[in-house]
Amino acid sequence: MQLHLMTWQDVESYLQHSKGIIIPIGSTEQHGPNGLLGTDVICPEEIAKRMGAEDDVLIAPTFNVGCAQHHMAFAGTITLRPSTMMAAIMDWVNSLYKHGFTHFYFLNGHGGNVPTINAAFAEIYAQWSLDANDPSGAPLTCYLQNWWELPGIFDLCNKMFPQGHGAHATPSEVSLTYYAYPEAVKDVTMTPKIAPNGPIKDAEDYKRRFPDGRIGSDPSLATVELGEKIMDASVKSLSKSYKAFLNAR
Ligand code: NI
């Protein structure tokens, strides 16, 4: 179930039997010569959407712009400052909490978001600790899960792509987007075949080190068929991970 396709009465009914929600969170940023700008949005969104439909779990609208300053030398990238992103995450969580949600599972698609999401969680808990008269603890729980680190998925992707998986514009994430949007498949010859590795700093430095946008990867290995396998495994893994999150004490 997706929040934006429900009425307010539907949400009230959902809250009668669950206080949990999954929030896909990503980034709109370049993904090399054959990857979509929405790759980090599409991966968590499509995994969550499919899992939510099977398990009757509510999926929030996708938080679709993240921390991508290092990709700003490539056309189309949109970034938030970490402070802006933290403020927006806090407003999303506080809005949903106001309606009765208590369990917030963020399914993330972009490594560059991780420190900022964790910092936003720290602010949310600090807000409760500083304001609360009730010493029994925050009545809400936030959880961050990167989709590629869902149990079993990292190993699966490394087996599929023993060479050229890399760190940005990876064949696994591009495969997932090709499965979701087969019309996006592009046949591009990568030069060099496997992109260089290196540190991430500012946008100009990034473009000098990684001229076509990739880091360590060969996304020409991406296919719709492999994307389907990664999707099926990710949906199953998310289902287990989300249930464990709801049941954790
Ligand atoms: Ni990505």
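Student: At what angle do the axes of helix α3 and helix α4 cross?
Tutor: This is a predicted model, and in it the axes of α3 (residues 82-99) and α4 (residues 114-131) cross at roughly 50 degrees, coming within 9 Å.

Student: So what do I call α3 and α4 relative to each other, oblique or parallel?
Tutor: Oblique: angles under 35 degrees would count as roughly parallel and 65 to 115 as roughly perpendicular, so α3 and α4 are oblique to each other.

Student: And is the crossing of α3 and α4 left-handed or right-handed?
Tutor: Right-handed. On the α3 side, the residues making the contact include Met85, Ile89 and Val93, while those of α4 include Ile117, Ala120 and Trp128.

Student: New topic, pockets. What volume does the largest pocket have?
Tutor: About 440 Å³. Its lining has 26 residues, and the ones nearest the centre are His110, Gly111, Trp148, Ala167 and His168.

Student: How does the lining of the largest pocket split by class?
Tutor: You get 13 polar, 10 nonpolar and 3 charged residues.

Student: Now the backbone. Which peptide bond is cis?
Tutor: The one from Thr191 to Pro192, with omega near -10 degrees. Pro192 sits in the loop between α6 (171-180) and α7 (203-209).

Student: What about Asp56, is its phi positive or negative?
Tutor: Positive, about 60 degrees, even though Asp56 isn't a glycine. You'll find Asp56 in the loop between α2 (39-55) and α3.

Student: Why point those out?
Tutor: Because most residues other than glycine have a negative phi, and most peptide bonds are trans.

Notes. Residues are numbered from 1 along each chain as its sequence is written. This is a predicted model: local features need pLDDT of at least 70, side-chain atom pairs count only at pLDDT 80 or more; totals for chains, interfaces and linings use all residues. Side-chain values use heavy atoms; hydrogens and water are left out. Axes are lines fitted to C-alpha atoms, for helices over the stretch in contact, and angles run from 0 to 180 degrees between N-to-C directions. Helices (H or I, at least four residues) and strands (E, at least two) are DSSP runs, numbered from the N terminus. Angles under 35 degrees count as roughly parallel, over 145 as roughly antiparallel, 65 to 115 as roughly perpendicular and the rest as oblique. A crossing is left-handed if the near helix is turned anticlockwise from the far one by less than a right angle, and right-handed if clockwise. Contact means heavy atoms within 4.5 Å. On a 1 Å grid over the protein atoms alone, a cavity is a set of points where a 1.4 Å probe fits but cannot get out, and a pocket is an open set with protein on both sides within 12 Å along at least five of seven lines; lining residues have an atom within 4 Å of a point. Grid points are joined across faces, edges and corners, and a volume is the space filled by probe spheres set on the points. Ala, Val, Leu, Ile, Met, Phe, Trp, Tyr, Cys and Pro count as nonpolar, Asp, Glu, Lys and Arg as charged, and the others, Gly among them, as polar.
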